[in-house]
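Trainee: I would like to learn how to read a model like this one, feature by feature. Could you take me through it slowly?

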Amino acid sequence: MLNNLAYARSRAGEMEEAIRVAEAALALAPDHPSVMDTAGWLLVQSGRDRSRGLLLLERAAKLAPDNPVIARHLAEAQG
């Protein structure tokens, strides 16, 4: 639920709140690929912590290699 809320906040233009919620989701589910993807993507998009965001995206991609959303986010972050 927190992961979805983080995404919704980001879509509403509330990036700082989205990152805060994504970090809370990550604390509860640190090994969940979708949660890592959301947190990582928000960190990259916001420019707040691009290197940590990229690491989260890389880790998410390794855990869910067939997830096209994670793969796209990783490719965009690397590009």
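**Reading the helices, the core and the pocket**

Mentor: Leu55 is exposed, with a relative accessible area of 57%, where buried means under 20% relative accessible area, exposed over 50% and partly exposed in between, using a 1.4 Å probe and protein chains only. This is a predicted model, in which local features need pLDDT of at least 70 and side-chain atom pairs count only at pLDDT 80 or more, while totals for chains, interfaces and linings use all residues. Residues are numbered from 1 along each chain as its sequence is written, and side-chain values use heavy atoms, with hydrogens and water left out.

Trainee: In which helix is Leu55 found?

Mentor: Leu55 is found in helix α4; helices here are DSSP runs of H or I with at least four residues, numbered from the N terminus.

Trainee: How should I read the faces of a helix, and which residues of α2 are buried?

Mentor: An α-helix has 3.6 residues a turn, so residues three or four places apart point the same way. In α2 the buried residues are Ala18, Ile19, Val21, Ala22, Ala25 and Leu26. Seen down the axis of α2, these buried residues fall within an arc of 165 degrees, so they line one face of the helix; the arc is that of the directions from the helix axis to the C-beta atoms. On the other side of α2, Glu16, Ala27 and Leu28 are exposed.

Trainee: Which residues have the most contacts inside the largest nonpolar core?

Mentor: They are Leu26, Leu42, Leu56 and Leu57, in a core of 22 residues. A nonpolar core is a set of buried Ala, Val, Leu, Ile, Met, Phe, Trp, Tyr and Cys residues joined through side-chain atoms within 4.5 Å. The largest share of this core, 7 residues, comes from α3.

Trainee: How is a pocket found, and what is the volume of the largest pocket?

Mentor: Rolling a probe the size of a water molecule over the atoms shows where empty space is left. The largest pocket has a volume of about 290 Å³, the space filled by probe spheres set on the grid points, which are joined across faces, edges and corners. On a 1 Å grid over the protein atoms alone, a pocket is an open set of points where a 1.4 Å probe fits, with protein on both sides within 12 Å along at least five of seven lines, and lining residues have an atom within 4 Å of a point. Among the residues closest to the centre of this pocket is Thr38, which is found in helix α3 and counts as buried at 12% relative accessibility.

Definitions and conventions
Helix = DSSP H or I, 4+ residues; strand = E, 2+ residues; numbered from the N terminus.
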